[in-house]
Every structure is written in C-alpha cells, then in structure tokens.
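Colleague: Could we go through this model together? I would like to start with one of its strands.

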Amino acid sequence: MHKQVLWAFTAFLCAFGILGAQKADQTVVQEFEIEGVGLFQCQCTAHACPCQSNGAPTHGTCYAADVAHIKSGHYGKVKLDGLSLALVGNLVDAKPERLFAVLYLDQKASSEQRDALTKIMQYLNEDYVAAPGEPAVPFRKISLVPFVFSESADKTIYGVTIPDILEGTAILKRNPDGKPVSTITAMDSWSNVVHNADNIAFRYHDRVTGKEWDESGDYANVKYFHLTKKMYEEKQMLGQHGDMSGAWTPDQRQIIRKQGLGEK
C-alpha cells in the first residue's frame, strides 16, 4: 500500500511539473507576424457553419481540421517561411470535456521552428473563446509529419495531405472579376474574414488518437491571413469574444464596425 501511495504521489508531482512547464512556456511568447493561406473544414453543413457567426456547432461537436500554410513570417528572430501546420480534433463544443486536438507540424521545420509554431498555436488556442469559460482545446499530442499543401495558380483549388492521416480538398469559386463568390465576416483563429468554399474531400484517420471520419461535402472555407501577436494582445479578433449565442456580441459588433466588416 505504501508503494502504491508513493507511486501515485510521484505521478502527481510529475504531471504537475509537466503542466506547470507547459503553462510557463505558453506565457513566454515572442512577437510574431505571419502571412499565408488557410483551409478550414468541419462537419457542419456546406456554406453554413454556425460557429463562424458565434453560434453553437450544428451537431454539438465540431470535428474539424484547421490548416495554415505560412508563406512568410517570423516568431522573434525565427523565420517560418514555407511551413505548414494543422490543428485537428473536436475544436468547438459547449461540453468542454469532449474537446481535443492534435497539432501536426511540418516535419521539414527545424527544432527552433517547431518550437515557434507550437508556441504560436498554444497562444492562439488559449485566446480563442467560443463560449465564456470554455477552456483551451487540450492537445492530445504534437506530431511531426510530412505536409503537402497546394494552391492552384488561379487560387481556386486548395488541398492538404498528411499521408495516411489527413486528406482535404476544397474549391473556392470566384466571380468573373476574380473575387470569391462567398465572403463572410467570421470567428476564426487566423482572420476575421473567410471565404466559403466547396468541400470536395475531408477525410481523417489517426490510429494513435483512435479518431476517424469522412466529412467530405460538408463545410469548408479558405482565408488569406496576415496575423500578428499585437492583434491578439489588443483583442482585435472576433474569435476572442464569443458566447455561442448565435448573434454577434457587443464587443464583436464594435470590432466589425471599427474594421469596416459586414455583419453577415
């Protein structure tokens, strides 16, 4: 019995130490500025994801993949040009015990770049508020994987492949003048504006987490982002002021007016 108690106490101290170290890491975030393109896909109805406009997920859960390709940018002095990452899991849920995510990082990143990408994602994850009091989405693991992110020359076809794990393809329709057909103001980690797209393929399978789905044909959007730490520090992102009410909060309306965004 004594050994069991000692083991449990030791395990507690180890867990506490790890969590404490993670929290400490999250509080030390250098200035960053990143620019690129993102592809988001989830299980909501095509072109109608309530979470984008401060609503609750259609099915209660939000099994999604939030993929970003950084065309240029830095974290402190660390350059991040050409790197991709993805956050995959149940990313929005009124029942916090069901939240989970896996962070996939581009395996071609150096150790310094991996650390920078992780710190940025932890920072964004901590500050995104889909509902008051909702905890940050817990990372079940952080994996280094081969990434293939593609953008067609005419910026209409977007794809991401993580071999044997994730396959995503979306088509962004454009008007004759080249503008996206469906642009909306939205809650998003990367931008306050997204462009609804046709979800052609969205398949996920990870043996480690035991999660898999095929939500091809459901919701997708594409966004072109220019994001800085200052924008989050100054609470300029709609995703920092959510409550799942289905309507924009007063703080969100203020941001929309200040940034000249439409409310739909």
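Colleague: Which residues of strand β9 lie on its covered face, and which on its uncovered one?
Modeller: This is a predicted model. In strand β9, residues 166-171, the covered face holds Leu 166, Gly 168 and Ala 170. The uncovered face holds Glu 167, Thr 169 and Ile 171.

Colleague: How many bridges join β8 to β9?
Modeller: Six bridges join β9 to strand β8, residues 157-162, and the two run antiparallel. Within this pairing, Ile 162 has Leu 166 of β9 as its bridge partner.

Colleague: What lies between the strands of that hairpin?
Modeller: Three residues lie between β8 and β9 in the hairpin, where Asp 164 adopts a positive phi near 65 degrees.

Colleague: Which way do β9 and β12 run, parallel or antiparallel?
Modeller: They run antiparallel, joined by six bridges. Thr 169 has Ala 201 in β12 as its bridge partner.

Colleague: Now the surface. Which residues form a nonpolar patch with Ile 171?
Modeller: Ile 157 and Ile 200 form the patch with Ile 171, and together the three have about 230 Å² of accessible area. Ile 200 belongs to strand β12, residues 198-206.

Conventions: Residues are numbered from 1 along each chain as its sequence is written. This is a predicted model: local features need pLDDT of at least 70, side-chain atom pairs count only at pLDDT 80 or more; totals for chains, interfaces and linings use all residues. Side-chain values use heavy atoms; hydrogens and water are left out. Patches are made of residues with over 30% relative accessible area and no salt bridge: like charges are joined within 9 Å, nonpolar side chains (Val, Leu, Ile, Met, Phe, Trp, Tyr) within 5 Å. Accessible areas come from the Shrake-Rupley method with a 1.4 Å probe; for residues, only the protein chains shown count as cover. A salt bridge is a side-chain nitrogen of Lys or Arg within 4 Å of a carboxyl oxygen of Asp or Glu. Helices (H or I, at least four residues) and strands (E, at least two) are DSSP runs, numbered from the N terminus. Buried means under 20% relative accessible area, exposed over 50%, partly exposed in between (1.4 Å probe, protein chains only). Two strands pair if DSSP finds at least two bridges between them.
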